[in-house]
Amino acid sequence: MNIVVCVKQVPATQKVDVDPVTGVLLRNGIDTKMNPFDLVAMEAAKRIADKTGAKIHALTMGPNSAIEVLKESFALGADEGWLLSDRKFAGADVLATAYSLASAIKAIGDVDLIICGKQTTDGDTAQVGPEMAEVLGIPHISWALELEEIDDKGLILRQDLTTKDAIVRIDYPCLITVEKTMYQPDLPSYRLLKASKDKKIHTLTASDIDGLDHTRIGLDGSPTQVEKIFAPSSNTETQVLEGDIDTVSDELYAILKKTKLIKEEA
Ligand SMILES: Cc1cc2nc3c(=O)[nH]c(=O)nc-3n(C[C@H](O)[C@H](O)[C@H](O)COP(=O)(O)OP(=O)(O)OC[C@H]3O[C@@H](n4cnc5c(N)ncnc54)[C@H](O)[C@@H]3O)c2cc1C
């Protein structure tokens, strides 16, 4: 059995600048880390592998520096690392990202289970996992809260449906996206990291993937048009209202109405 865990390298800081012309995050030179939800995805993969003897493949799409997140995956129990990297993949929106990752998974071949984090801390759309399942034509369960049962045919999971939870069975091949609360992720193991020194990271470029539709990858293959990306301005201006209680309440009421925080009384 083969499990692919999709891991994304994200900025380790909230202070990230955006290129004012292209609207793309300026990621060069900033500290990075594994998306926290993907640490949980790795932990879930490890628990499933412990029961089924599955092999764990960590997969990331990103620049060459994303190799670091694969090394971290080795220290968390991954057996194989896959880097999907090519200038042709750059500037991908969610749809192009999902298509590219799904195509890489087809190239890895014979995959039974794909585990993604529920969302990332940078793009934050929570759509990559479900869209990958759609591209691959396999079932998925998103927002998995707990792994209730694991066997060699499939999984029983508790799924968050926002107002209710559902207990669902899903058979392989399938994809799940996991909530951060599913497990407390293990700390990276120095022993595993040391043992992984000679592990090979497989690099896949666009030309390594048979049948890849080049019109569906990278910036040109991205239907999303971002008009503007900007950091929200923070305002620390304060206004102190003074006077007796009636004056202050009238003034406050007028401000709340003006800022449309409350509706005019009927
Ligand atoms: C027009 C446009 C241009 C963009 N250009 C760029 C750009 O130039 N550079 C850039 O970095 N971003 C760019 N982005 C952002 C990029 O599209 C998203 O970061 C990407 O689609 C992943 O979406 P997400 O972070 O919302 O993932 P989510 O759906 O929130 O992630 C869910 C899970 O999917 C998996 N996953 C997501 N992304 C990856 C990945 N890359 N590798 C492995 N697993 C993954 C992880 O398991 C993750 O936990 C652009 C977005 C748009 C709309």
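Two strands count as paired if DSSP finds at least two bridges between them. In this predicted model, strand S4 and strand S5 (residues 80-84) are joined by five bridges and run parallel. Across that pair, Thr60 stands opposite Leu83 in S5. The points below cover the sheet, a hairpin, a helix and the ligand.

**The sheet**
- Nine strands make up an open sheet, and their pairing is mixed.
- The order of the strands is S9-S8-S7-S10-S6-S1-S4-S5-S11.
- S9 and strand S11 (201-204) lie at the edges with a single partner strand each, so one side of each has no neighbour in the sheet.
- From one strand to the next, the twist averages 35°.

**The hairpin of S8 and S9**
- Strand S8 (residues 154-160) and strand S9 (residues 165-171) run antiparallel and are joined by seven bridges.
- In this pair, Ile156 stands opposite Arg169 in S9.
- Four residues lie between the two strands of the hairpin.

- Helix H2 covers residues 67-75.
- Its buried residues include Val69, Leu70, Ser73, Phe74 and Ala75.
- An α-helix has 3.6 residues a turn, so residues three or four places apart point the same way.
- Gly77 follows H2 and has a positive phi, near 115°.

**The ligand and its shell**
- The ligand is surrounded by 30 residues.
- The closest of them are Lys8, Asp38, Ala92, Thr120 and Thr125.
- By class, the shell around the ligand holds 12 nonpolar, 11 polar and seven charged residues.
- Strand S4 (55-61), helix H3 (94-108) and strand S6 (113-117) each supply at least two residues of this shell.

- An N or O atom in the side chain of Asn35 is 3.1 Å from an oxygen atom of the ligand.
- A polar backbone atom of Gly91 is 3.5 Å from an oxygen atom of the ligand.
- For Gly117, a polar backbone atom is 3.1 Å from an oxygen atom of the ligand.
- On its own, the ligand has 940 Å² of accessible area, and the protein covers 86% of this.

How values were computed
Residues are numbered from 1 along each chain as its sequence is written. This is a predicted model: local features need pLDDT of at least 70, side-chain atom pairs count only at pLDDT 80 or more; totals for chains, interfaces and linings use all residues. Side-chain values use heavy atoms; hydrogens and water are left out. Buried means under 20% relative accessible area, exposed over 50%, partly exposed in between (1.4 Å probe, protein chains only). A residue is near a molecule or strand if one of its heavy atoms lies within 4 Å of it. A polar contact is a pair of N or O atoms within 3.5 Å; within protein, one must be able to donate a hydrogen and the other to accept it, and residues adjacent in sequence count only if both atoms are side-chain atoms. Accessible areas come from the Shrake-Rupley method with a 1.4 Å probe; for residues, only the protein chains shown count as cover. Ala, Val, Leu, Ile, Met, Phe, Trp, Tyr, Cys and Pro count as nonpolar, Asp, Glu, Lys and Arg as charged, and the others, Gly among them, as polar. Axes are lines fitted to C-alpha atoms, for helices over the stretch in contact, and angles run from 0 to 180 degrees between N-to-C directions.
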